[in-house]
Every structure is written in C-alpha cells, then in structure tokens.
Amino acid sequence: MREVNFLKRGRRKFPIMPNMGSPSEREASLPGGAPDGDSPRSPHTMADVARRCDVSMITVSRVFNQPEKVRPETREKVLAACRDLDFNHNALASFLARTTPSPIIGFMTSNVGDPIFQALTNIIQQEASASGLDLLLSLSGFDHGRERQHLQRYLQYRVAGVVLYQPTLELARSDLPRSGNYPILTLWDKPAVENCSYIGQEPTLASALAVEHLADLGHRDIALLVGDTVLYRAYMRQQGFLEAMKLRGLPVRPEFLRRIYRNDLAISMAPTVAAGHAAAIALLRQPSRPTALVVSTDDVAMGAVLAARSLGLSVPGDLSVVSMTEMSVAGILDMKLTSVHIPVKEIREPIAAFFRQSKAGVFSSPLRHTLPLTLVPGQSSAALRA
C-alpha cells in the first residue's frame, strides 16, 4: 500500500487502497456476502437460511425483526437453521437500514463512577428490558463537545429515545427537544428549558433546604462543597445555596465555596469519600473556618467528617455537616448523617412510561415528574455552640 498527500500544506496522508473491484464484487468477497442484516463473522447469509427452510428472505427477516408476525412452527424452523448454519443476525445493520426507530435507548452520563448513577442504572436496565429495549451507554467525560457528538451518533443509530444523566450546564440550557428526531429525557434533575421531558428534583431545592436547616440551628458561617460547576447540577446547587444564604441575610465568603476537582492524587470529579476528605481538609485548614458545611452527597459528607476528626474537630460539636443527597452509608460511619432524602424508587413508573412511549413513537406531551425532597435530620448537625 502506498501513500499520497492529496491534501497539501502538510495535512494528513491517507492510504490508497489497492483495486478491489466494483462494490458488488467487494461485497461478494466478504465472508457472508453482502452485509444487509448478516453477520460478517458468519460463513453463511440470510439467503442460505431461507433456502435451508424453504421460505422467503422476508420471512427470515421477520423472525428477527417482527417475530410476532411469523407462525411459531416457522419461527422455530428458521431459528434451528440459524443454529445449524452458525448464522448470527446483524441487528445493527438491520436497524440502520430501517426508517423506523431501532429498539435502542441512548443513555448518556458524564461519569460512570458517580454512585447515584450506579443506583439508577439497575432500575433503568430493568425497565428498558421489560419494554423490549436495549441501552447504548455513552460517556461524555464532562465535555459538551462530546455530548453533542453522542447525540448526533444516537440520531444516526435511529434510537427510540435518549436518557441524559448529569449533563453539562451548556447542554442542559440548550434546546434539548430539537437535538434530534427522538425524545430526550433528563434524569435526576429538572432541566432549565421548557417542553423537555424529565424525572428529577428541583435542582436548587436541596441546597436551599440544607441552608435553612443550618440557619435555624444558629449557624452563620456556612461553607459549600460541590462538584465542578461545568455540570448543570453542581451549578444549580451552588445557585440555590447562594440564594438561600441571601434570603436569610447570611454572609457568603468566597473562600467557603469549594469545588471537588481532580488533584495530584488523581482523585476523580465524582462525589467520593476521598474527594470529600481532600476538599474538606483544604477548607478546614484555613485560618478562618466555617461552623457548618453543606456537601453534595453522603459519600462526600463521610469524607468531610473523617477530615474534621483528623484535624481534631468534633462533628457536630465543632462542625455541622449536611448532605444534599442521602445514600446508603449505614454501618460505615458511626453516626447518622443529616441528609436530603430523594425517593429513588419513584423513578421506576415514569421511566417505564417513557420507554413505552419511546418504543411506540407516540408522545402527546413532554413527560414531567418532579421528585419530592425532604431533609432528614441526623447526628451530623447540631445547634451552634454559644
């Protein structure tokens, strides 16, 4: 194979492939022949299966794509022939050749290490399977450009719908309903745009509830530990914190607003115990420290509690800690955390409805389901010492 620089000025060189004949000749040279619904790894084609069963290729195609339209005995005969011939149907090729949506749901997140994402995935997978749908997971890595690329790819794959978890601020503020020819649902956070389906919380409410609780206990010097505000949820929670502090007439000190970043120890941007510990250590070592701390999740709260203790501070005596997302950390910490409870199980019914509508291709109006939030007092917060 030789190379030619047909794009001048030092741009990339592209290989010239040797002459392989016409497109039809090249298809015939591939194992399995033309790729229309056939697996390139199979030595046989759909036509071979049809001949073995003495049925049409349309009937073989229906066995895979519309099995309910094929008589049970014919269906079993075709499937038996597929096993005998070691034929594997290429479902993706069939989907791309169709004009109707494929039975696939795009599922995009910024970080699979997020513990909330892990809890939600089980419910989403179960309900997608119950609706006869498969999930196509994409990781954006906190990058809006990648989010757009994944949305375009979903359009090319003709997905039935898309679920977004933890989008960037830029994407959440964009015109999501017009991003493609498929319905989009944001999960866990109510989006900033109108006419978009969502199942989630009011994004500013958790931080507001936490500030209200601590202010009622007499705290004035309240700090915030939140994720990177490139993410919609982190940005909105910070806004909720600032608004609640202003409403209560409490001072907001810039040094008390901390975000969880990657650092030299390679701690991820996910709300982990280690991330909470590192951020709390930096905050509490300042000459002037807060008397109360609002953090993103129970994992981050646990890290903050351990950080305070390592510096000789007691919780809640010297530092009250409130989490904006209750999680299961029972038995790990020797105290019950004060946390905002979010009813995760409530997403099951509306997400199932979204999947059913996505598969049917019928959406009369956006699906909207707001999750109620409740602050549950625990042992990690107490009245300010006199």
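## Aromatic pairs

Rings of Phe, Tyr and Trp count as a pair here if their centres lie within 6.5 Å. With that in hand, a search of the whole structure, which is a predicted model, turns up 4 aromatic pairs. One of them joins Phe117 and Tyr165, whose ring centres are 5.9 Å apart and whose planes make an angle of 40 degrees, a tilted arrangement. Since Phe117 belongs to helix α6 (residues 115-130) and Tyr165 to strand β5 (residues 161-165), this pair ties together parts that are 48 residues apart in sequence.

## The six-stranded sheet

Let's turn to an open sheet of 6 strands, which runs in the order β9-β8-β10-β11-β12-β14 with mixed pairing. From one strand to the next, the twist averages 20 degrees.

At the β14 end, strand β12 (residues 338-341) pairs with β14 in the antiparallel sense over 3 bridges. Here you can find His341 opposite Thr374 of β14.

## Helices on the sheet

Which strands does helix α11 lie across? Helix α11 (residues 273-284) lies across β8 (222-226), β9 and β10 (292-295), and runs at about 145 degrees to β8. Helix α12 (residues 298-310) also packs on the sheet, where it touches β8, β10, β11 (320-323) and β12; its direction makes about 165 degrees with that of β11.

Helix α3 (residues 57-65) and helix α4 (residues 72-85) have axes that come within 10 Å and cross at roughly 95 degrees. The two helices are therefore roughly perpendicular to each other. On the α3 side, Thr59, Val60, Val63 and Phe64 meet Thr74, Arg75, Val78, Leu79 and Cys82 of α4. Sorted by class, this contact has 6 nonpolar, 2 polar and 1 charged residues.

Helix α2 (residues 46-53) packs with α3 at an angle of about 105 degrees, the axes lying 8 Å apart, which makes α2 roughly perpendicular to α3. Met46, Ala47, Val49 and Ala50 of α2 meet Met57, Val60 and Ser61 of α3. This contact has 6 nonpolar residues, 1 polar residue and no charged ones.

Key: Residues numbered from 1 in each chain as written. Predicted model: local features only at pLDDT ≥ 70, side-chain atom pairs only at ≥ 80, totals over all residues. Heavy atoms only, no water. Pairing = 2+ DSSP bridges. Helix = DSSP H or I, 4+ residues; strand = E, 2+ residues; numbered from the N terminus. Axes fitted to C-alpha atoms, helices over the stretch in contact; angles between N-to-C directions. Contact = heavy atoms within 4.5 Å. Parallel < 35°, antiparallel > 145°, perpendicular 65-115°, else oblique. Nonpolar A, V, L, I, M, F, W, Y, C, P; charged D, E, K, R; others polar. Phe/Tyr/Trp six-rings, centres within 6.5 Å; stacked < 30°, edge-to-face > 60°.
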